[in-house]
Amino acid sequence: MGEKYTQDEIDQALQVLNAEQKTLWQVQDGKLSQTFKFRDFLAAFGFMTQVAILAEKANHHPEWFNVYNKVTINLTTHDVGGISSRDFQLAQKISTLTC
């Protein structure tokens, strides 16, 4: 499960995560967040299916929201009451899907 990250740990992990990203992850409302945009609904839904498989394997499930070609993903570790290493690990895997 890990422990809740401090703000310094979050800042450092964000720098590493975002080092080679086209669109950046950020912290919003205490959650690791990013909005992904696709060519159409089918592409967005396909992405969500791939994320669902990753999340299930990691036993760490995102909060997400989809409207047509946009998918917003929010990651937080509810068991620790904030952002942990699990969120950054899943974010990294999600980011590889969009490269």
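This is a predicted model: local features need pLDDT of at least 70, side-chain atom pairs count only at pLDDT 80 or more; totals for chains, interfaces and linings use all residues.

Me: Where is tyrosine 68 placed, and what is its phi?
Reply: Tyrosine 68 sits in the loop between β3 and β4. Most residues other than glycine have a negative phi. Tyrosine 68 is not a glycine, yet its phi is positive, at about 45 degrees.

Me: Which element gives the largest share of the largest nonpolar core?
Reply: This core has 22 residues, and those touching the most other members are Trp25, Leu32, Phe47, Ile73, Leu75, Phe88 and Ile94. Two or more residues each come from α1 (7-18), β2 (31-37), α2 (41-58), β4 (70-75) and α3 (85-97). The largest share is six residues, and it comes from α2.

Me: How far apart are the end C-alpha atoms of α1?
Reply: The helix α1 has twelve residues, and at 1.5 Å a residue it should span 16 Å. The model agrees with this, because the end C-alpha atoms of α1 are apart by 16 Å.

Me: Within what arc do the buried residues of α1 fall?
Reply: The buried residues of α1 are Ile10, Ala13, Leu14, Leu17 and Asn18. An α-helix has 3.6 residues a turn, so residues three or four places apart point the same way. Seen down the axis of α1, the buried residues line one face of the helix, because they fall within an arc of 120 degrees.

Me: Which exposed residues does the other face of α1 carry, the one turned away from its buried side?
Reply: The buried residues of α1 are covered by elements that include β1 (26-28), β2 and α3. The face turned away from the buried side carries exposed residues, which are Asp8, Gln12, Gln15 and Val16.

Me: Which residue meets lysine 31 in a salt bridge?
Reply: Side chains of opposite charge can pair when their charged atoms come close. The partner of lysine 31 lies 32 residues away in the chain, in strand β3 (residues 63-67), while lysine 31 is in strand β2. At 2.6 Å, N to O, the side chain of lysine 31 meets that of glutamate 63.

Me: How many salt bridges does the whole structure have?
Reply: One of them joins lysine 31 and glutamate 63. In another, the side chains of aspartate 40 and arginine 39 meet at 4.0 Å, N to O. Aspartate 40 is partly exposed at 24%, whereas arginine 39 is exposed at 71%. A search of the whole structure gives a count of two.

Me: How far is aspartate 87 from the nearest side chain of opposite charge?
Reply: Aspartate 87 is found in helix α3. Leaving aside its neighbours within four places in sequence, its contacts include Leu32, His60 and Leu75. Aspartate 87 is buried and has no salt bridge; the nearest side chain of opposite charge is that of arginine 86, at 7.2 Å.

Key
Residues are numbered from 1 along each chain as its sequence is written. Side-chain values use heavy atoms; hydrogens and water are left out. A nonpolar core is a set of buried Ala, Val, Leu, Ile, Met, Phe, Trp, Tyr and Cys residues joined through side-chain atoms within 4.5 Å. Buried means under 20% relative accessible area, exposed over 50%, partly exposed in between (1.4 Å probe, protein chains only). Helices (H or I, at least four residues) and strands (E, at least two) are DSSP runs, numbered from the N terminus. The expected span of a helix is 1.5 Å times one less than its number of residues. The arc is that of the directions from the helix axis to the C-beta atoms. Contact means heavy atoms within 4.5 Å. Lys and Arg count as positive and Asp and Glu as negative; His and the chain ends are not counted.
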